[in-house]
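Student: Hi! Could you walk me through this one, starting with where the chains meet?
Tutor: Happy to, let's have a look together.

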Amino acid sequence: MERLRPFSDPATLSVRVAKSDGRAIEQGWVTIRAEAPKRRWYLSTDFPAVEGSSLVQMQLPLRQGKAEWKYLFPIRGEYRMTVDAATPDGSKATKSFQISIRENERKWLLLGVFTFCLFASGVIAGRIFTGTRTTSSVNLRACLLISVYCLGFLTGNANAQEKEMANYVSRLEVDPPTVGRMSVVRWSLTGTKGERKLAARLTLTITHLEKGKSVFSMENVPVAGEFSMQFQFTDGDEYRVAAVAGLYGGETVRAEKIVSVTPVEPPVSAMIPALALFLAVTALGLGVGRWSKRSVTAL
Amino acid sequence: MERAVPSRLGVALPEPVSFLIKSGIFLLASGAILYVLLAAGYPAVHDTLHNFRHALAIVPCH
């Protein structure tokens, strides 16, 4: 868990449900709900629309008392996961988990370098402004160019889709997704002769196309001809949803869909702290620059 | 005594006032540039700097 970083590699999550004597439950299912870290008042993450929202809600069958899936955490912070377990005899249990995801160190490093560049531009400007007017107006342009150069250097409705194969029709539907809200992902398998509730093992994968990363997957989950879950697509980009059903007769039926996620502009309240921090650092640089120039002049 | 900075209009400003005015303009320009680069939604700027915004960890994007 310590190595997990946002939008880095998907984490394998598994839930094990056992009886009070420690033996795994043979049959049953778990309902899983995951919520994103809450919004903090000072500095936003890079996906503010995701903060405090529901990420996924699904029901998975237990196999030898275990349910497993893969998920790519989108932002840093404390995730809350609630698991409701139920058995055919009516027994129920609920437990909440906290999962802490730390920010990528490279991002903090880049933020440090960027902030230092702003501070340095402030220092240079502060020193220039403490000098004569002619000199300062020329050097101000140079200073701005340096800042921009540094920036340049650092920059380095989903309709239903049907797939028919042999005697089966696999149907995959995704409600039009928007960042910040969960969408329903539905999959169903029917026979061309009208058979329903076909037993199969479903592998469902959701991939972020631009980043080429799998953001969610579950493998060989036993289903009775249909599966649905609520899932939040956390980035306003394109995703591929792919469902592969393995039938017990040996056939596989595949359905795939590309969904385009509607982005949500971050609120102004989320932008202000970061811009205020950058300006404060620049202003601090101005003060330090003036102080350093005066110290040298006084000698 | 603070040195007065002469201007082309013949008005002499005390050096601290001159510094404050220049600094204010500099901060204003910096704020405007930072806003356009990191917060504005203009597609051309946003698309170019999208990854950079995310890489800064504290700059909100979508």
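**Chatting through the interface and the pockets**

Tutor: This is a predicted model. Across the interface of chain B and chain A, the rule finds 6 residue pairs in polar contact, with both residues at pLDDT 80 or more.

Student: Which helices of chain B supply at least two residues each to the side that touches chain A?
Tutor: Those are α1 (15-38) and α2 (43-55) of chain B. The largest share comes from α1(B), with 14 residues.

Student: And how does that side of chain B split by class?
Tutor: There are 21 nonpolar, 8 polar and 4 charged residues on the side of chain B that touches chain A.

Student: How many residues are in contact on each chain?
Tutor: On chain B it is 33 residues, and they are in contact with 49 residues of chain A.

Student: Nice. What about the buried area there?
Tutor: About 3600 Å² is buried between chain B and chain A, and carbon and sulfur atoms give 72% of that. Phe26(B), Ile58(B) and His62(B) supply 22% of the area that chain B buries against chain A, more than any other three residues.

Student: How many salt bridges does the rule find across that interface?
Tutor: It finds 2 between chain B and chain A. In one salt bridge, the side chains of Arg294(A) and Glu15(B) meet at 3.4 Å, N to O.

Student: Why would side chains pair like that?
Tutor: Side chains of opposite charge can pair when their charged atoms come close.

Student: How many salt bridges turn up over all chains?
Tutor: The search of the whole structure gives 12. Another example is Arg39(A) with Glu51(A), where the closest N and O atoms are 3.5 Å apart. Both residues are in the loop between β2 (29-35) and β3 (54-61) of chain A, 12 residues apart.

Student: Changing topic: how much space lies in the largest pocket?
Tutor: About 400 Å³. It has 14 lining residues, and the closest to its centre are Asn104(A), Lys107(A), Lys211(A), Asn51(B) and Ala55(B).

Student: Which elements give two or more residues to that lining?
Tutor: They are α1 (105-129) of chain A together with α2 of chain B. By class, the lining of the largest pocket has 5 nonpolar, 4 polar and 5 charged residues.

Student: And what is the volume of the second largest cavity?
Tutor: That one is about 50 Å³. Its lining residues include Tyr71(A), Leu72(A), Phe231(A), Phe233(A) and Tyr239(A).

Student: How do the residues of that lining divide by class?
Tutor: The second largest cavity has 7 nonpolar and 2 polar residues in its lining, and no charged ones.

Methods. Residues are numbered from 1 along each chain as its sequence is written. Chains are lettered from A and ligands numbered from 1 in the order in which they are written. This is a predicted model: local features need pLDDT of at least 70, side-chain atom pairs count only at pLDDT 80 or more; totals for chains, interfaces and linings use all residues. Side-chain values use heavy atoms; hydrogens and water are left out. Contact means heavy atoms within 4.5 Å. Buried area is the accessible area (1.4 Å probe) that two parts lose on being put together, summed over both. A salt bridge is a side-chain nitrogen of Lys or Arg within 4 Å of a carboxyl oxygen of Asp or Glu. A polar contact is a pair of N or O atoms within 3.5 Å; within protein, one must be able to donate a hydrogen and the other to accept it, and residues adjacent in sequence count only if both atoms are side-chain atoms. Helices (H or I, at least four residues) and strands (E, at least two) are DSSP runs, numbered from the N terminus. Ala, Val, Leu, Ile, Met, Phe, Trp, Tyr, Cys and Pro count as nonpolar, Asp, Glu, Lys and Arg as charged, and the others, Gly among them, as polar. On a 1 Å grid over the protein atoms alone, a cavity is a set of points where a 1.4 Å probe fits but cannot get out, and a pocket is an open set with protein on both sides within 12 Å along at least five of seven lines; lining residues have an atom within 4 Å of a point. Grid points are joined across faces, edges and corners, and a volume is the space filled by probe spheres set on the points.
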